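The following exercises concern the structure shown below. Each task is followed by a worked solution.

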Amino acid sequence: MKEERKEFVKKHLTIASQRFGGVINQFDTILVKLNEYVAKRKSEGAATADAEAAIASAKTATDGAKTAIAKVTEVSGTIG
């Protein structure tokens with residue numbers, strides 16, 4: 001029974017890591033597109049400081065999420 005629980009937890013942690021990893025990858029794609037748009041607007045003379053700050057903040061948050069996902073993946077590998 002104890003082995004079944006370990007496998008259950010390991011399986012679900014792996015699935016959760018994969019799903020969150022996919023979401024983070026999609027978010028990275030969105031950030032790249034936003035960065036391109038902001039750069040275009042900046043070259044046109046628009047004020048983009050607030051947008052650039054928001055994108056930098058979002059990048060920091062996604063980097064933190066990637067670190068957390070890596071930690072969960074690492075922990076799930078040590079189970080059982």
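**Exercise 1.** Determine how far apart the mean positions of the positive and negative charges of the protein are.

*Solution.* The model is a predicted one. First, count the charges: there are 13 positive and 10 negative ones.

**Exercise 2.** Describe the overall form of the protein by its radius of gyration and its extent along the principal axes.

*Solution.* Begin with the reference value: a compact globule of 80 residues would have a radius of gyration near 12 Å. The protein has 18 Å instead. Then consider the C-alpha trace, which spans about 65 × 15 × 10 Å along the principal axes. Finally, turn to the secondary structure, which consists of two helices and zero strands.

**Exercise 3.** State how the reach of helix 1 stands against the expected value, and identify what follows this helix.

*Solution.* Helix 1 covers residues 2–43, which is 42 residues. At 1.5 Å a residue, 62 Å is expected; from first to last C-alpha the helix reaches 61 Å, close to that value. After helix 1 comes glycine 45, which has a positive phi near 100°.

**Exercise 4.** Which residues of helix 1 are buried, and what does their cover include?

*Solution.* Apply the cut-off for burial, under 20% relative accessible area. In helix 1, the buried residues are Ser17, Gly21, Ile24, Asp28, Leu31 and Val38. An α-helix has 3.6 residues a turn, so residues three or four places apart point the same way. The cover of the buried residues in helix 1 includes helix 2 (49–78). For the protein as a whole, 16% of the 80 residues count as buried.

Terms used. Residues numbered from 1 in each chain as written. Predicted model: local features only at pLDDT ≥ 70, side-chain atom pairs only at ≥ 80, totals over all residues. Heavy atoms only, no water. Helix = DSSP H or I, 4+ residues; strand = E, 2+ residues; numbered from the N terminus. Rg over C-alpha atoms; globule rule 2.2 N^0.38 Å. Buried < 20%, exposed > 50% of the residue type's maximum accessible area, 1.4 Å probe, protein only. Lys, Arg positive; Asp, Glu negative; His and termini not counted. Charge placed at Lys NZ, Arg CZ, Asp CG, Glu CD. Expected span 1.5 Å × (residues − 1). Contact = heavy atoms within 4.5 Å.
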